[in-house]
Structures are given as structure tokens and as C-alpha cells.
Amino acid sequence: MRFVTAVLLAAVCFGTTGTAQALGPEASAASVGAARILIGGGALGLVALILHFAGRRHGAAGTPAAPAPGVGTRHPLPAWLLVAIGAAGVLAYQPAFFAGTAANGVAVGTVIALGSAPVITGALDWAIRRRYPGHRWAIATAIATVGVGILAAATGGGEGGSVGAEPLGLAASLGAGASYAVYTLAAKALLDRGWSSTSSMGALFGTAALFSIPVFAVTDASWLATGPGLAMALWLGLVTTTVAYLLFGYGLGGLSPATVSTLTLAEPLTAAILGVALLGEALTPGALLGLLVLAAGIVVLASSGGSRRAPSGERRNRLSRGVSRG
């Protein structure tokens with residue numbers, strides 16, 4: 001039960017991202033995203049370093065462990081390049097996500113970004129590894145695509161506080177899903193090489209934090225000097241990034257990937273509830289239908305594999321699904 005609770009708490013943390021940004025002061029998506037990664041990614045990298053050196057003092061393995069048989073040498077890219085690619089995905093996700101929620105509202109923007117991420121990841125994994133994800137994935141992709149199409153057609157957002165789907169906002173949210181796919185596959189490749197989940201997340205997010213410094217420096221960061229701005233940055237960095245990924249990683253250690261994926265449906269649910277309850281967002285009938293259809297695709301995708309406990313080799317690769325959120 002403690003693993004289920006950890007994943008649900010992580011999903012709730014992730015689901016507050018868009019609302020926290022909406023309740024905060026006016027700021028560009030690039031500035032908010034860079035601040036989030038600078039704070040949260042830096043903290044994750046620091047945690048990974050502390051655990052790494054603590055493990056060395058106690059004679060434990062360092063960052064990379066022995067790779068799984070027949071897996072560790074499968075990826076042709078060196079580890080440093082995988083970290084760089086994954087960090088680039090982390091950096092790109094932030095402004096795309098916030099731009100999508102700003103254009104179409106927290107509920108719609110969050111669900112499009114998070115709902116499209118699994119199917120984009122499956123498509124890229126299929127293209128890169130030449131492995132067909134299966135008929136269930138194809139069905140889920142078709143359902144989710146219909147949902148996104150309905151959302152795109154649900155125009156009229158912005159009148160009376162209602163939420164539709166503006167094309168540029170839709171593209172930004174889909175870009176966030178694609179960025180997620182990039183850093184998820186990079187993290188999976190690191191796990192295949194034997195890296196621990198904490199080390200993988202620390203490496204990707206810590207590197208992203210370093211590269212976010214110049215991005216943050218060229219943006220207008222005056223919002224951070226205000227009380228609400230600082231509170232928003234700390235929440236986005238420490239709660240929706242650092243704490244959320246630590247909780248999620250803990251939950252992954254005791255649950256099958258399918259069970260974790262189902263539990264994390266609490267994230268878009270949290271975002272939708274907060275968007276309506278705290279931000280006064282009123283979903284149009286078309287947007288609501290699109291959300292329901294898209295959610296159905298996510299359920300189909302998440303229901304594969306049952307609730308059995310994963311084999312040890314599969315458990316070592318759970319981060320590929322674990323870094324998908326926020």
C-alpha cells in the first residue's frame with residue numbers, strides 16, 4: 001500500500017503544475033520552465049550526488065551498475081550523449097508545457113501533453129528499436145488521436161472562461177509530449193546500461209539545470225523577485241519536480257509498470273479538478289468529450305500487462321515510464 005500511496009502523491013504533485021503557474025504572477029513560459037528546472041533539477045542532481053558518494057563510503061556501487069544481460073550494449077550512443085539528449089528533452093518540455101496550458105487552460109493543456117506522451121514514446125521506440133508495441137498500443141493510439149482531434153475542433157475557448165483548443169496551444173502541448181518521449185527514451189537507455197533510477201534522474205535533470213542557467217538569464221525574471229513569484233518557483237521546482245520524482249521512483253520499486261501507469265491517471269484528473277475548482281475553467285461540451293475520449297485511450301494503453309509484479313529485469317527499466325510526468 002505504501003508504494004501505491006507514493007505514486008498517487010507523486011501524481012497529485014505533478015497535477016498541480018499548471019494551476020501553480022496560472023495562480024502565479026505573469027511570466028513567460030521560458031522563464032518559468034527554466035526556473036523550475038534550475039531549482040528542481042538542481043535539487044535532484046544534488047540528491048543523486050549525495051546518494052552516490054554515500055554509497056561509495058559504504059562500499060556500494062556507484063552511478064552505473066552492471067547492465068542487464070544482453071541489454072547494456074544494445075544502445076550505440078555513449079552514456080554522456082544520452083544524458084545530453086535527455087537533458088535537452090527536459091529543457092524543451094518546460095516552455096512547451098506552460099505555453100500549452102496558457103493557451104488552452106490547465107485541464108486541456110495538461111491532458112493533451114500527458115495523454116500524447118505515451119503514444120509518442122511508443123511510436124519513437126518502435127522507430128528506433130524496430131519493435132512493434134502491440135495491437136493494444138495501436139488501438140490506444142487511434143482512440144487518443146481521435147480525442148486530440150475533437151479537442152482541436154472544440155473552438156470557442158476564451159469566451160466566458162470556457163476552454164477550447166487553440167491550434168498553437170495544441171501544438172505546444174503535443175511538443176511537450178514529444179519532449180517527454182525524448183528524455184524518457186534516454187533515461188530508459190541509461191537504465192538498460194545499469195544506472196539506478198536516482199542516478200538517471202539526477203543526471204538528466206541536473207544537467208538540464210545547468211543548461212537552464214543561460215536560458216533563465218536571458219528571460220525577464222522580475223517575477224521571481226515578488227513573493228508570489230518566489231512561491232510559485234519553489235513549488236514548481238521542489239514539489240512538482242524534486243519531491244514528485246523521488247516519490248514516483250519509490251513507488252516504481254514496488255509496483256508493476258502497468259499499475260503505476262494506471263495510478264498516474266490521477267495527474268490529469270488532479271489538473272482538471274483544480275482547473276475547474278480554483279481557476280473557474282468551464283469545459284465546453286466538445287472539449288469535455290475530447291478529454292473523455294483521450295482518457296479512454298490512456299486507460300486502454302495503461303491497462304496492458306495487468307497488475308502482476310514485473311520481473312527483476314523489467315523493474316530496472318521502470319524509470320522509462322517514471323520520468324514521463326510534470
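This is a predicted model: local features need pLDDT of at least 70, side-chain atom pairs count only at pLDDT 80 or more; totals for chains, interfaces and linings use all residues.
Residues are numbered from 1 along each chain as its sequence is written, and side-chain values use heavy atoms, with hydrogens and water left out.

The secondary structure of the protein chain comprises 14 helices and 2 strands, where helices (H or I, at least four residues) and strands (E, at least two) are DSSP runs numbered from the N terminus. Of the 326 residues in the protein chain, 51% are buried; here buried denotes under 20% relative accessible area, exposed over 50%, and partly exposed the range in between, computed with a 1.4 Å probe on protein chains only. Among contacts (heavy atoms within 4.5 Å) in the protein chain between residues at least 6 apart in sequence, 87% join residues at least 24 apart.

The axes of H4 (residues 79-104) and H7 (residues 167-192) come within 7 Å of each other and cross at roughly 155°. These two helices, H4 and H7, are therefore roughly antiparallel, on a scale in which angles under 35 degrees count as roughly parallel, over 145 as roughly antiparallel, 65 to 115 as roughly perpendicular and the rest as oblique. The crossing of H4 past H7 is left-handed, a term that applies if the near helix is turned anticlockwise from the far one by less than a right angle, with right-handed applying if the turn is clockwise. By class, the contact of H4 with H7 has 20 nonpolar, 8 polar and no charged residues; Ala, Val, Leu, Ile, Met, Phe, Trp, Tyr, Cys and Pro count as nonpolar, Asp, Glu, Lys and Arg as charged, and the others, Gly among them, as polar.

Helix H7 also meets H8 (residues 197-217), with axes that come within 10 Å and cross at roughly 135°, and H7 and H8 are therefore oblique to each other. The crossing of H7 past H8 is right-handed. On the H7 side the contact is formed by Tyr 183, Ala 187, Leu 190 and Leu 191, which meet Ser 197, Ser 200 and Leu 204 of H8. The residues of this contact between H7 and H8 divide into 5 nonpolar, 2 polar and no charged.

For H4 and H8, the axes come within 8 Å and cross at roughly 65°, and H4 passes H8 in a right-handed crossing. In this pair, Val 83, Gly 86, Ala 87, Val 90 and Leu 91 of H4 meet Ala 203, Leu 204, Phe 205, Thr 207, Ala 208, Phe 211 and Ser 212 of H8. The contact of H4 with H8 has 9 nonpolar, 3 polar and no charged residues.

Thr 240, in helix H9 (residues 227-252), is buried, with a relative accessible area of 0%. Its side chain makes a polar contact with the side chain of Arg 36 at 3.2 Å, a polar contact being a pair of N or O atoms within 3.5 Å in which, within protein, one must be able to donate a hydrogen and the other to accept it, while residues adjacent in sequence count only if both atoms are side-chain atoms. Leaving aside neighbours within four places in sequence, Thr 240 is in contact with Cys 13, Phe 14, Thr 16, Thr 17, Arg 36 and Trp 235.

Notes: Axes are lines fitted to C-alpha atoms, for helices over the stretch in contact, and angles run from 0 to 180 degrees between N-to-C directions.
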